[in-house]
Every structure is written in structure tokens, then in C-alpha cells.
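Below are my notes on the model you sent.

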Amino acid sequence: MTLADYVLDLIRRDLGLPSRREWLERLATREPVNIDRDTIVEALHAARAERDDQIAAALAREAEVDDAGRP
């Protein structure tokens, strides 16, 4: 892909996105979400813990490969 093709692809992708005004108008038509703060905090903690577990597992797998004599 040439640089010109890459830039044209970025421009086409950006043109396909809604403008800020369009996005805000769409957002205004949606029903509000009423979730209490504690539920949000619990979900964030759970998601972060899951992410940390995934990172730890990936690092452990990488360490196992390194210990097996990876060049």
C-alpha cells in the first residue's frame, strides 16, 4: 500500500464517521441508562482483575517459552 493509498483510506474512513453534531443528536434520542455508582465501580474492578489475570497468564506463558530455550 502506498502512502497516498493509506492517506486516502484514512480520509474515506473519517468521512464515514458521523459529525459531532450528528453523534450528539443520535445520543439525545437514546434512553438514559440508570446504573448506580457501586454497580459501575464493581464492574470496573472485575474487568480490571480479569485483564490483570490475562496479562499475568500471557507473561507466564512467555516465561515458559523463554525457559524452554527460545533463541
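**Notes on the predicted model**

1. The chain contains three helices and zero strands. Read from the N terminus, the order of elements is α-α-α. This is a predicted model, and the points below should be read as such.

2. How does the radius of gyration of the chain stand against the globule rule? The value is 22 Å, well over the 11 Å that the rule gives for 71 residues, so the chain is more spread out than a compact globule. The C-alpha trace spans about 55 × 50 × 10 Å along its principal axes.

3. What share of the 71 residues counts as buried? The figure is 0%, where buried means under 20% relative accessible area. The accessible surface of the chain amounts to about 7,000 Å², and carbon and sulfur atoms account for 56% of that surface.

4. A nonpolar patch lies on the surface, made up of Met1, Leu3, Tyr6, Val7, Leu8, Ile11 and Leu15. Together these residues have about 780 Å² of accessible area.

5. Tyr6, one of the patch residues, sits in helix 1, which covers residues 3-15. Its relative accessible area is 42%.

6. On charge, the chain carries 11 positive and 16 negative side chains. The centres of the two sets are 8 Å apart.

Conventions: Residues numbered from 1 in each chain as written. Predicted model: local features only at pLDDT ≥ 70, side-chain atom pairs only at ≥ 80, totals over all residues. Heavy atoms only, no water. Patch = residues over 30% accessible without salt bridge, like charges linked within 9 Å, V, L, I, M, F, W, Y side chains within 5 Å. Areas by Shrake-Rupley, 256 points an atom, 1.4 Å probe, with all protein chains shown as cover. Salt bridge = Lys/Arg side-chain N within 4 Å of Asp/Glu carboxyl O. Helix = DSSP H or I, 4+ residues; strand = E, 2+ residues; numbered from the N terminus. Buried < 20%, exposed > 50% of the residue type's maximum accessible area, 1.4 Å probe, protein only. Rg over C-alpha atoms; globule rule 2.2 N^0.38 Å. Lys, Arg positive; Asp, Glu negative; His and termini not counted. Charge placed at Lys NZ, Arg CZ, Asp CG, Glu CD.
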